[in-house]
Amino acid sequence: MGLRASKLGRIIGGRGSHKRLGGSAMAPRGYVPVCVGVDDETKRFIVHTTTLCEDDFMELLYRAAEEYGFCNEGVLRIPYEAKDFEKWMVVRAKKKRVKPI
């Protein structure tokens, strides 16, 4: 039995054939593309939809609504430092892991 790459790994790795207009990779089912950053230093993330309901993320969404309004078209943009958002995602992922007994 061979090893299979995850669907997310195939899409991010560029081997997937699913592409959107503009050449960017399509987000896998259950994920939302998010651009995070201030000024010209933005970084694109793919966030699981369950993250959208968390309190910390809701606060970021309120910031985005204040900055860009509710009728923003295209990818979701959040005015927050990209490196801090990335650290938050890593810490969040570590908290979610279940350790074996």
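1. A word to start with: a residue is called buried when its relative accessible area is under 20%, exposed when that area is over 50%, and partly exposed in between (1.4 Å probe, protein chains only). By that rule Glu59, at 48% relative accessibility, counts as partly exposed. Please keep in mind that this is a predicted model, in which local features need pLDDT of at least 70 and side-chain atom pairs count only at pLDDT 80 or more, while totals for chains, interfaces and linings use all residues. Residues are numbered from 1 along each chain as its sequence is written, and side-chain values use heavy atoms, with hydrogens and water left out.

2. Let us stay with Glu59 and ask about its partner. Which residue forms a salt bridge with Glu59? The partner is Arg63, with the closest N and O atoms 4.0 Å apart. A salt bridge here is a side-chain nitrogen of Lys or Arg within 4 Å of a carboxyl oxygen of Asp or Glu. Side chains of opposite charge can pair when their charged atoms come close. Arg63 and Glu59 are 4 residues apart in helix α2, so about one helical turn separates them. Arg63 is partly exposed, at 34% relative accessibility. Helices (H or I, at least four residues) and strands (E, at least two) are DSSP runs, numbered from the N terminus.

3. The count of salt bridges comes to 3. Another one joins Glu86 and Lys43, whose closest N and O atoms are 2.9 Å apart. This pair links distant parts of the chain, with Glu86 in helix α3 and Lys43 in strand β2 (residues 41-48), 43 residues apart. Both ends are partly exposed: Glu86 has a relative accessible area of 35%, and Lys43 is at 36%.

4. Arg92 and Glu54 also meet through their side chains in a salt bridge (2.9 Å, N to O). Arg92 lies in helix α3 and Glu54 in the loop between β2 and α2, so the pair ties together parts that are 38 residues apart in sequence. Is Arg92 buried or exposed? Arg92 counts as buried, because its relative accessibility is 15%.

5. Now for the aromatic rings. Rings of Phe, Tyr and Trp (its six-membered ring) pair if their centres lie within 6.5 Å; planes under 30 degrees apart count as stacked, over 60 as edge-to-face and the rest as tilted. The count is 4 aromatic pairs. Why is the pair of Phe57 and Phe85 called tilted? Their ring centres are 6.2 Å apart and their planes stand at 55°, so the pair is tilted. Phe57 is in helix α2 (residues 55-68) and Phe85 in helix α3, so parts 28 residues apart in sequence are tied together. Phe57 is buried, at 0% relative accessible area, and Phe85 is buried at 0% too.

6. Phe57 also pairs with Trp88: the ring centres are 6.2 Å apart and the planes are at 25°, so this pair is stacked. Trp88 lies in helix α3 and Phe57 in helix α2, so the pair ties together parts 31 residues apart in sequence. Trp88 is buried, as is Phe57. Ring pairs link Phe45, Phe57, Phe85 and Trp88 into a cluster.

7. Last, a look at Glu81. Glu81 sits in the loop between β3 (76-78) and α3 (82-96) and is partly exposed, at 35% relative accessibility.
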